[in-house]
Amino acid sequence: MYSNKFEYFSPKSLEEALALMSTYQDDAKVLAGGQSLLSLMKLRLANPKYLIDIGRIADLNTIRADGDKLSIGALVTYAQIKDSDLLRNKCRLLPKTASVVGDAQVRNRGTLGGSLAHADPHGDMPAAILALQAELKAVGPKGTRWIKADDFFVTMFSTALAPDEILTEIRVPALDGERSAYLKAARRPSDFAMVGVAVRLKIASSQTCDQISVGVTGVSDRPYRGSSVEQALRGQKLDAKVIENAAARVTEGVDVVEDVNASQEFRAHLARLYTARAVQAALQS
């Protein structure tokens, strides 16, 4: 199937892209890597009248250290994240997560910013971004603002970005001395997650859990923080029983979705199982 007709723009600067977004707003879609949007357009599930391709805008595809933070441009691909020495040394959770996104073609074309702005509730990267407590830079005609990851994902395919804003940068902490893991349940390794769990963990000198954050995807209509799990594990020695009991709380207060891949009961079971496994994997990393 072919997409409906649309007008295509390829701005060379962020200012030009923002002017187009301000003009066309809800009738426009931003194209980054295109791995999600183009597929939806071919199925006519997305029908923008105007397509704004930001792929040629300079400076949006770099990874750099910025004090105790790491700055990742919105156009950085999964493959760049997977192969980045800086991220492997300072924030291993992102390369671990990027390595299981789609197949080689998707990883070479898909972008981090595109994934986050698309906000697929079964996407892999949102779980890692939540676990890292990242900040996302939105630029619009009224200026620049930083959005916390916890506030970014609103509901299915919906974010806190305004219609005339563009996501340009993701800022994550450098995780010196911290452990991490991302595990997902999927029908095939390259598929979207039926359940995906990202964990960031710091163990104190007393061998108790000093800090932990858990990002969950695939379970609800949006990615979310496993706050109940975090509360149950902080200050505890992480033996198998403690982890299992905490993981049982991963769907507290969450409306678990049901679809052709999993019933509510089975998806909730997978969420508990993979939360426990991800914490164990982080502990052993």
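This is a predicted model: local features need pLDDT of at least 70, side-chain atom pairs count only at pLDDT 80 or more; totals for chains, interfaces and linings use all residues.
1. Three strands form an open sheet in the order 1-3-2, and their pairing is parallel. Strand 1 (7-9) and strand 2 (28-31) are the edge strands, each of them pairing on one side only. On average, and with direction ignored, neighbouring strands of this sheet are turned by 20° against each other. As background for the reader, strands of a sheet pair through backbone hydrogen bonds, either parallel or antiparallel.

2. Pairing of strand 1 with strand 3. Strand 3 covers residues 50-53 and runs parallel to strand 1, to which it is joined by three bridges.

3. Helix 1, made of residues 14-24, lies across strand 1, strand 2 and strand 3, and its direction is at about 160° to that of strand 3.

4. Ser-10 and its surroundings. Between strand 1 and helix 1 there is a loop, and Ser-10 lies in it. Leaving aside residues up to four places away in sequence, Ser-10 touches Asp-53 and Arg-56, and with Arg-56 there is a polar contact from side chain to side chain at 3.0 Å. The C-alpha atom of Ser-10 is also 7.8 Å from that of Gly-55, although these two residues are 45 residues apart along the chain.

5. Two residues with positive phi. Asp-59, which is not a glycine, has a positive phi, near 75°, and it belongs to the loop that links strand 3 with strand 4 (63-66). Asp-59 counts as exposed because its relative accessibility is 64%, where exposed means over 50%. Gln-133 likewise is a residue other than glycine with a positive phi, in this case near 50°, and its place is the loop between helix 8 (125-131) and strand 6 (135-140). The relative accessible area of Gln-133 is 44%, so this residue is partly exposed.

6. Packing of helix 11 and helix 12. Two packed helices are described by the angle between their axes and the distance between the axes. For helix 11 (residues 240-247) and helix 12 (residues 264-283), the angle is about 140° and the axes are 8 Å apart. Helix 11 is therefore oblique to helix 12, since only angles over 145 degrees would count as roughly antiparallel. The crossing of helix 11 and helix 12 is right-handed. On the side of helix 11 the contact is made by Ala-240, Ile-243 and Ala-247, while helix 12 contributes Arg-272, Thr-275, Ala-276, Val-279, Gln-280 and Leu-283.

7. His-122. This residue is found in the loop between helix 7 (112-118) and helix 8. Is His-122 buried or exposed? His-122 counts as buried because its relative accessibility is 17%, and the cut-off for buried is under 20%. The side chain of His-122 reaches the backbone oxygen of Ala-193 at 2.9 Å. When residues up to four places away in sequence are not counted, His-122 touches Phe-192, Ala-193 and Met-194, together with Thr-217, Gly-218, Asp-259 and Arg-267.

Key:
Residues are numbered from 1 along each chain as its sequence is written. Side-chain values use heavy atoms; hydrogens and water are left out. Two strands pair if DSSP finds at least two bridges between them. Helices (H or I, at least four residues) and strands (E, at least two) are DSSP runs, numbered from the N terminus. Axes are lines fitted to C-alpha atoms, for helices over the stretch in contact, and angles run from 0 to 180 degrees between N-to-C directions. Contact means heavy atoms within 4.5 Å. A polar contact is a pair of N or O atoms within 3.5 Å; within protein, one must be able to donate a hydrogen and the other to accept it, and residues adjacent in sequence count only if both atoms are side-chain atoms. Buried means under 20% relative accessible area, exposed over 50%, partly exposed in between (1.4 Å probe, protein chains only). Angles under 35 degrees count as roughly parallel, over 145 as roughly antiparallel, 65 to 115 as roughly perpendicular and the rest as oblique. A crossing is left-handed if the near helix is turned anticlockwise from the far one by less than a right angle, and right-handed if clockwise.
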